[in-house]
Amino acid sequence: MNYNWNIWNWLVSMVPYGIRKVKLIYFIWACFEPIRDLFSSFLSYRSATDYDVKLNGTVIILQHLLNNKFDPTFRSIRVINPSTKREYQKMWLTTERNPPSSSPWWLTTEPNNSNSVPMFLISEHEQDVDFEVTLGTNFLVIPQGFEATIDKYKASPFRYQVRLLAIT
């Protein structure tokens, strides 16, 4: 849809040519000034909403957004993969009942019988993050609203960690 509407030209063209006088035009403009203000606020809201809609949680767009908002000069904010990878440990879920255990389910590191089902567990030491946001050396603290901006634009199941790079 086209929202580029010139209210002043439209108002002048709606007045019949025979009664089109300067005082009448100014009077009509004064009457329509509140509508013009509402239209102006609508256009600014529309441009802000269009900017938000065009953004998504992909890495390059998130990095571009954070640099535009918090570091437009140096552009030193980076979104990277975490430095530690997840380590999976293979465990076996056994379904048979042994006398020492009162529970029918337990985990072992080796398969006991044909009823064992393989499972994979993430190791305990892993800080389960999907991506890291590193701030450049020109940041001493995390800016206010930084994490709220990341939370707004990232995909919901992903976890992140913000790191400040040390000044060397």
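**Entry 1: helix α4**

I began with helix α4 (residues 59-70), where 12 residues at 1.5 Å a residue should span 16 Å, and its end C-alpha atoms are 16 Å apart, which agrees; the expected span is taken as 1.5 Å times one less than the number of residues. I note that this is a predicted model, in which local features need pLDDT of at least 70 and side-chain atom pairs count only at pLDDT 80 or more, while totals for chains, interfaces and linings use all residues. Residues are numbered from 1 along each chain as its sequence is written, and side-chain values use heavy atoms, with hydrogens and water left out.

I then looked up which residues of α4 are buried (under 20% relative accessible area, with exposed over 50% and partly exposed in between, for a 1.4 Å probe and protein chains only), and found L62, Q63, L65, L66, N67 and F70. Their cover includes α3 (33-54), β1 (78-80), β5 (131-135) and α5 (146-153). In helix α5 I picked out T149, which is buried at a relative accessible area of 6%. Leaving aside residues up to four places away in sequence, T149 touches L65, L66, K69 and F70, a contact being heavy atoms within 4.5 Å.

**Entry 2: the whole chain**

I counted 5 helices and 6 strands, taken as DSSP runs numbered from the N terminus (helices H or I of at least four residues, strands E of at least two), and along the sequence they follow the pattern α-α-α-α-β-β-β-β-β-α-β. Of the 168 residues, 25% are buried, and among contacts with a separation of 6 or more, 58% join residues 24 or more positions apart. The protein exposes about 12300 Å², of which carbon and sulfur atoms supply 59%, by the Shrake-Rupley method with a 1.4 Å probe, where for residues only the protein chains shown count as cover.

**Entry 3: aromatic rings**

My search of the whole structure gave 7 aromatic pairs, a pair being rings of Phe, Tyr and Trp (its six-membered ring) with centres within 6.5 Å, and planes under 30 degrees apart counting as stacked, over 60 as edge-to-face and the rest as tilted. The rings of W8 and W29 have centres 4.9 Å apart and planes at 55°, so I recorded this pair as tilted. The pair links distant parts of the chain, with W8 in helix α1 (residues 7-14) and W29 in helix α2 (residues 22-31), 21 residues apart. W29 is partly exposed at 27% relative accessibility.

I also noted one aromatic cluster formed by W5, W10, F39 and F42. W10, in helix α1, is partly exposed with a relative accessible area of 34%.

**Entry 4: salt bridges**

I found 3 salt bridges, each a side-chain nitrogen of Lys or Arg within 4 Å of a carboxyl oxygen of Asp or Glu. R36 pairs with E33, their closest N and O atoms being 3.1 Å apart, and both lie in helix α3, 3 residues apart, about one turn of the helix.

K152 pairs with D52 at 3.3 Å between the closest N and O atoms; K152 lies in helix α5 and D52 in helix α3, so the pair ties together parts that are 100 residues apart in sequence. K152 is exposed at 54% relative accessible area, whereas D52 is partly exposed at 30%.

The side chains of E132 and R163 meet at 3.6 Å, N to O, and the pair links distant parts of the chain, E132 in strand β5 and R163 in strand β6 (residues 160-164), 31 residues apart. I recorded E132 as buried at 4% relative accessible area, and R163 as partly exposed at 31%.
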